[in-house]
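Welcome! Take a moment to look over the protein below before reading on.

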Amino acid sequence: AVAMSLMLAFITQHVELKHQYNALHGTLGMFVPRSVIERLVNNAERLAWVGDTAFGACVATDGERYTALADQLSPLELSRFLNRYFQTLFPPVANRQGWISDVVGDSMLAVWADARPSARVRAQACQAALEMSTASERFNEMPTRIGIDFGPIALTTLGAGTHWEYRPVGAVPNTANRLQ
């Protein structure tokens, strides 16, 4: 009876841990691509070494008149506005198999990557950029500038100590930001 109770307790604990793992995996998937999560988990002690080189496309956006909005709205009102704004820009990225690397204020950076130069990556990024432009026009509350560039990128962790971010590095994301 004791052995059976211990076995039942072990199975219950295992099921609960598996449920927590799946929930955490799902939550982390909202912050980094799901394909990256396992590499991050398996290399947690060496985060500075998690990275790959790839052919990438980066799309950078920036809302016009954001500073004026920030001066007019309370921080809470501004955050609600930005969430509505990003609800129009994010779906084209996800629908075209990209992921959002970064959001700062009213700006965002979306990424598509493949092991080697790819017409598919270029097409997906361009289609998403066109769809984001249309979505921004429909949103009609903040015109949006969009920049796009393609080429070699590193997809890597950046940071130190207790803060790390997973993002593209190289001339491509920088140029996309300058073009917008």
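How many aromatic pairs does the structure hold? There are five aromatic pairs, where rings of Phe, Tyr and Trp (its six-membered ring) pair if their centres lie within 6.5 Å; planes under 30 degrees apart count as stacked, over 60 as edge-to-face and the rest as tilted. Please keep in mind that this is a predicted model, in which local features need pLDDT of at least 70, side-chain atom pairs count only at pLDDT 80 or more, and totals for chains, interfaces and linings use all residues. Residues are numbered from 1 along each chain as its sequence is written, and side-chain values use heavy atoms, with hydrogens and water left out.

**Overall layout**
- The chain has six helices and five strands; helices (H or I, at least four residues) and strands (E, at least two) are DSSP runs, numbered from the N terminus.
- Along the sequence, the pattern reads α-α-β-α-α-β-β-α-β-β-α.
- Of the 180 residues in the chain, 36% are buried; buried means under 20% relative accessible area, exposed over 50%, and partly exposed in between (1.4 Å probe, protein chains only).

**The nonpolar core**
- The largest nonpolar core has 22 residues, and V59, L82, Y85, M108, W112 and M142 touch the most other members. Such a core is a set of buried Ala, Val, Leu, Ile, Met, Phe, Trp, Tyr and Cys residues joined through side-chain atoms within 4.5 Å.
- Two or more residues of this core come from each of β1 (51-63), α3 (66-72), α4 (75-95), β3 (107-114) and α5 (119-139).
- Helix α4 gives the largest share of this core, seven residues.

**Aromatic rings**
- F81, Y85, F86, F90 and F139 are linked into a cluster by ring pairs.
- R122 lies over the face of F150, at 5.0 Å from the ring centre; a charge sits over a ring if NZ of Lys or CZ of Arg is within 6 Å of the ring centre and within 35 degrees of the ring normal.

**Salt bridges**
- The count of salt bridges is seven, each being a side-chain nitrogen of Lys or Arg within 4 Å of a carboxyl oxygen of Asp or Glu.
- D102 and R167 form one of them (3.3 Å, N to O). D102 lies in strand β2 and R167 in strand β5 (residues 163-169), so this pair ties together parts that are 65 residues apart in sequence.
- In this pair, D102 is partly exposed at 21% relative accessible area, whereas R167 is buried at 15%.
- R167 also meets E165 in a salt bridge (2.4 Å, N to O), and E165 is partly exposed at 32%.
- Salt bridges that share partners join D62, E64 and R145 into one network.
- R120 and D114 meet in another salt bridge (2.7 Å, N to O); R120 is partly exposed at 43%, and so is D114 at 25%.

- Most residues other than glycine have a negative phi.
- Q97 is not a glycine, yet has a positive phi of about 65 degrees. Q97 sits in the loop between α4 and β2 (99-104) and is exposed at 54% relative accessibility.
- N140, also not a glycine, has a positive phi of about 60 degrees. N140 is in the loop between α5 and β4 (144-160) and is exposed at 65%.
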